[in-house]
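I opened this entry to record what I looked up in the model. The notes follow in the order I made them.

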Amino acid sequence: MTLLTRSRPLIRTLTNYRSITTVPFLSQEPQLAGIPPEVNTTPLPPNPSSGSPLYNENWRSPFASTAPSSSSVVPLSFLRQSPAARVQAISQTHDVQGLMNLFADWMTTQRWEDMKQLFELWIRSLDRNGKPNKPDANLFNHYLRANLMMGATADDLLGLASQMEEYGLVANTASHNLILKAMYQSGEPLSWVDKAVKLLERMIQTGKEYKEALPDDESYDLVIGLLFKADLIDDALKYVDSALKSGYKLSMNVFNECVRSCVFNNRLDILVSIIEKCKKTDQNKGLLPPWNMCTHLADVALQADNSELAFSSLEFFVKWVVRGESVRPPVSLSVDEGLLVAALGTAGRTYNAKLLNGAWEVLKRSLRQMRAPNPESFLAKIYAHASLGQLQNGFATLHEFEKAYGSSKEESAELFSPFTTLNPLSVACCRNGFVTLDSVYYQLENLSQADPPYKSVAALNCVILGCANIWDIDRAYQTFAAIESSFGLVPDIHSYNALIYAFAKLGKRDEATKVYEHFMDLGVKPNEMTYSLLVDAHLIKREPKAAISVVDEMVHAQYKPSKEMLKKIRRRCTREMDYESDDRVEDLAKKFNIRLGTENRRNMLFDLQYSTEYAG
C-alpha cells in the first residue's frame, strides 16, 4: 500500500494513462438541457397507382421496374452483375420451391432462355447440405416447357424426358402433354401420328399404376387434333368415342373439327352418335358449333334426309337463340324460314314427329309473333302430319292456315286446292279406305257444332277427293251435297272439280259435263284444273275432238294449255288415227311455243308385236 501511495503522484504527472478499475465509470458532470430529439415515425407506403419502384407491378405499370434504386430489396451489386453471373448466383441459393416460384414469375415475362440456363446450372450445383440438387416432376416440366417455347422438336423433348429417370422421376401427364403439343405444332402431322398414338396408349397403361400419368382432356385433344390434321378420320373418331366413353371433355376446337370432318367425309351417322353422347355428359352437353357451321350442318342433313342430325342442328340453333336473348343488350337471332320448311319436308319423308315439332317450335321462336308463317310453312307442316297419319293435327294446321290466309278469295283459290297444295291431306283421308273417310267426316261434322264452330270447305273438299281416289262416287256425291245441307256452306270451284274428277274416274263423262254446265250456270268461274279434268274425261271415252273443243274453251278463257295436256291429246289422236285433231294439236303447240317432242319410245311399245313363238 505504501508503495502504491507513493507512486500515485508519479502517475498523475503522466499525460496518457488509463486507470484500471472494476467499478463502472459514471459521469456526474451536469449537462445543459437541449432540444428533445425528434421521434422518427414510420411513413405511409407510397400510392400504388403512382408507379413507385417499391411495387413490382400495379394497374398502371404492369411490368416490373428494372431500374435499381436505394429502396430495392435486391442488393445493387447483384443487379450490376451480368445476366449469366446473376443466373449462376441464383442457382446456388434457391431450393426446389424457390426455383418453382421464380420460374412462375419468369413465365409471365417469357424468359424461357433464362429458365433453361438456370435449371441446367441448378442441377449441377449443391444444396445447403452439400448434396446435388434433385428436381421434382413439376420443376422438370418447367424445363420442358422452356425448351418447347424455344422451338425444341418433339424428339428433343423425348430425349429430355428420358433424363427424368436419372433423377428417379416418372413423367406425369403434364410432361407427356408438352411432348404431344410439340408433335401437334410440327408442320408434318403424318410423321408424328404413330408416335402420338403410342404415347397416348402408354399414358393409359402407365396410369393404371401411376395415376398422375393418366391422360387428361388436353392429351386427347392434342392426339385427336393431330389425327384430324393428318386426315385420319376413322382413327380420330375412334379416339373421340373413347374420350367420351371415359368421361373426358372435348374442347370446342376439336368438336368443331369433328363436325367439319364428318360432314365433309359424309360420316353423318357417326356424327349423330357423337352428338348424342356429348348431350348425355354434363361436361360436353354445352358444346356448340358456330352459327354458320350449324346452318351448313342442317343443310347437309336435310339434303341427306337425315332426320336425327337435322334435329340436332335445330337444337344448336335453339341454344344460339337462347344465348342471344340472355346477353345485354339482347341479340335477336332467327333461323331462315326456308331451311325450316325443308326440315318439315324431311320430317314428312322420314316420318319423324320429333323433327316436325322441333322445326315448328324453332320457326315460331324465330318469328317472335311479329308475323304469321309463310304459306309454304303451313303446307309443309300439313304434309308432314299427313305423312305421319296425324289427321287431327293436319286439319288443325289447316284451320290455322285458313285463319292466316283464307280472307283473300284470290289467294285461297290457289292455296286451298285439294289437287295441289292440300293433296297430301286428301291422300291421307283415304289411306284406310272408307273407314278413314267416315272418321274424318264425322269429326268435321262435330266440329261444325262446337263452340266456336269450325266449318271449312277446304277440309270437305279433301274428303270428296279422297272418296274419288277410292272410286266411291256415292260418298263423294253425299259429301258434296252435305256442304250446303249439313254445314251451311257454299261449294267453291275446288268442290266442283273434285266431283268432276270422281265422275270422270269412273268413266261417267256425261255426268262430269253436267257438273261443269251446272256451276257455269251458277256463275262460278272455272279454273285451269277444271279444263284439265274435262279433257281427261273425254280422252277416257276416246274422243280427242271433244278434248280439243275443251282446249279451245280454255284458250278463250285466257288459260294456256300445258305440255302434258297436249301430249295426252296427241297420243290419243295417234291411237285413234285422228290426224285432223293431231294437226290441231300441233297448231296449238306452235301457237303457245310448246315443244312436244317425239313419241318414239311409246310408239315402239305401241307397235310391239306380241306372240307366243318363243314361249316355252
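I began with contacts (heavy atoms within 4.5 Å). Among contacts between residues at least 6 apart in sequence, 63% join residues at least 24 apart. I note that this is a predicted model, in which local features need pLDDT of at least 70 and side-chain atom pairs count only at pLDDT 80 or more, while totals for chains, interfaces and linings use all residues. Residues are numbered from 1 along each chain as its sequence is written, and side-chain values use heavy atoms, with hydrogens and water left out.

Next I took the overall figures. I find 31 helices and zero strands in the protein; helices (H or I, at least four residues) and strands (E, at least two) are DSSP runs, numbered from the N terminus. Of the 616 residues, 42% count as buried, that is, under 20% relative accessible area with a 1.4 Å probe and protein chains only. The accessible surface comes to about 36,600 Å², and carbon and sulfur atoms hold 52% of it; the area is from the Shrake-Rupley method with a 1.4 Å probe.

I then checked helix α15, residues 307-326. At 1.5 Å a residue its 20 residues should span 28 Å, and the end C-alpha atoms are 29 Å apart, which agrees. The expected span is 1.5 Å times one less than the number of residues. Its buried residues include L309, F311, F316, F317, W320 and V321. Against which helices do the buried residues of α15 pack? I list α12 (252-264), α13 (268-280), α14 (291-303), α16 (337-350) and α17 (353-367).

I looked up D582, in helix α30 (residues 579-591). D582 is buried yet has no salt bridge, and the nearest side chain of opposite charge, R570, is 4.9 Å away. A salt bridge here needs a side-chain nitrogen of Lys or Arg within 4 Å of a carboxyl oxygen of Asp or Glu; Lys and Arg count as positive, Asp and Glu as negative, and His and the chain ends are not counted. Leaving aside neighbours within four places in sequence, D582 is in contact with R570 and C573.

S417 sits in the loop between α20 (409-415) and α21 (423-429). Is S417 buried or exposed? S417 is buried, because its relative accessible area is 6%. Not counting residues up to four places away in sequence, S417 touches L422, N423 and H494.

Residues 492-526 are 74% helix and 0% strand, with end C-alpha atoms 10 Å apart. Residues 527-561 are 74% helix and 0% strand, with end C-alpha atoms 12 Å apart.

Conventions. Buried < 20%, exposed > 50% of the residue type's maximum accessible area, 1.4 Å probe, protein only.
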